[in-house]
Amino acid sequence: MSALLAFIKENQSSAELLQLKESTHSVEEAAQAVQASTEQLVKNICMISEDDELIVAIVKGEDRASTSRVSKALNIPRPRLANEHEIIDKSGFPAGGVPSFGFEATFLIDPKVMETPVVYTGGGTAQSLIKIPSEELLRLSRGQIVRVRR
């Protein structure tokens with residue numbers, strides 16, 4: 001059993017891990033793979049703080065994350081985007097498959113994400129997604145709701 005599935009079970013979550021044949025690397029590919037609208041997809045933008053800590057900004061699929069808004073929200077110097085090596089190293093997941101919970105990081109959830117009752121997020125690989133109620137995403141990530149979109 002994957003660590004992600006174990007985390008979902010341990011936390012008695014209603015989140016569903018979906019294994020797919022298609023790539024879910026981009027928002028468009030992911031939406032097609034699960035026959036959902038792109039508005040139902042969220043993406044996890046990984047950033048690195050000055051202290052080398054992982055910050056994950058969770059935004060709607062059509063939005064972009066702002067490092068300056070993250071900086072303001074956490075009252076820290078502006079973080080930088082993580083590279084692929086750092087993403088795997090710090091989250092345990094490849095870029096394009098990073099979930100919105102299940103590893104050590106500071107999670108910031110844009111309020112627009114919470115407007116959609118059920119969302120799809122990274123499922124740990126480029127061919128998997130997690131279908132999850134947004135309230136459950138908030139609980140599992142222990143994130144803060146704060147505007148991080150541009």
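Which residues are buried in helix H3 (residues 67-74)? The model is predicted, so local features need pLDDT of at least 70 and side-chain atom pairs count only at pLDDT 80 or more, while totals for chains, interfaces and linings use all residues. Residues are numbered from 1 along each chain as its sequence is written, and side-chain values use heavy atoms, with hydrogens and water left out.

In helix H3, the residues Thr 67, Val 70 and Ser 71 are buried. Buried stands for under 20% relative accessible area, exposed for over 50%, and partly exposed for values in between (1.4 Å probe, protein chains only). Helices (H or I, at least four residues) and strands (E, at least two) are DSSP runs, numbered from the N terminus. Viewed down the axis of H3, its buried residues fall within an arc of 100°, so they line one face of the helix. That arc is taken over the directions from the helix axis to the C-beta atoms. An α-helix has 3.6 residues a turn, so residues three or four places apart point the same way. The buried residues of H3 pack against E2, E3 and E5, where contact means heavy atoms within 4.5 Å. Just after H3, Asn 75 has a positive phi of about 55°.

The strands that H3 packs against can be followed through their pairings. Two strands pair if DSSP finds at least two bridges between them. In E2, 5 of the 7 residues are buried, so this strand is largely enclosed by the rest of the structure. E2 and E3 run antiparallel and are joined by 7 bridges, with Met 47 opposite Ile 55 in E3. Their hairpin has 5 residues between the strands, and in it Asp 52 takes a positive phi near 65°. E2 also pairs with strand E4 (residues 80-81), in the antiparallel sense over 2 bridges; here Ile 48 stands opposite Arg 80. E3 pairs with E5 in the parallel sense over 4 bridges, and the bridge partner of Ile 58 in E5 is Ile 109. E5 in turn pairs with strand E8 (residues 144-145), in the parallel sense over 2 bridges, and Ile 109 stands opposite Ile 145 in E8.

A nonpolar core is a set of buried Ala, Val, Leu, Ile, Met, Phe, Trp, Tyr and Cys residues joined through side-chain atoms within 4.5 Å. The largest such core has 28 residues, of which Val 56, Ile 58, Phe 101, Phe 103, Ile 130 and Ile 132 touch the most other members. At least two residues of this core come from each of helix H1 (3-10), strand E2 (42-48), strand E3 (54-60), strand E5 (106-109), helix H5 (111-114), strand E7 (128-133) and helix H6 (134-141). A second, separate core of 10 residues includes Ala 31, Val 34, Ala 36 and Tyr 120. Leaving out residues up to four places away in sequence, the residues that Ile 58 touches include Val 42, Phe 107, Ile 109, Leu 137 and Val 148.

What about the aromatic rings? Rings of Phe, Tyr and Trp (its six-membered ring) pair if their centres lie within 6.5 Å; planes under 30 degrees apart count as stacked, over 60 as edge-to-face and the rest as tilted. By this rule there are 3 aromatic pairs. The rings of Phe 7 and Phe 101 have centres 5.7 Å apart and planes at 25°, so the pair is stacked. This pair links distant parts of the chain, with Phe 7 in helix H1 and Phe 101 in the loop between H4 and E5, 94 residues apart. Phe 7 and Phe 101 are both buried. Phe 103 and Phe 107 form an edge-to-face pair, 5.2 Å centre to centre with 65° between the planes. Phe 103 counts as buried at 12% relative accessibility, and Phe 107 at 4%. Ring pairs link Phe 93, Phe 103 and Phe 107 into a cluster.

Two polar residues are also buried. Ser 128, in strand E7, has 1% relative accessibility and therefore counts as buried. Its side chain makes a polar contact of 2.8 Å with the side chain of Thr 125. A polar contact is a pair of N or O atoms within 3.5 Å; within protein, one must be able to donate a hydrogen and the other to accept it, and residues adjacent in sequence count only if both atoms are side-chain atoms. Glu 86, in helix H4 (residues 84-91), counts as buried at 12% relative accessibility. Beyond its neighbours within four places in sequence, Glu 86 is in contact with Ile 48, Arg 80, Leu 81 and Ser 91.
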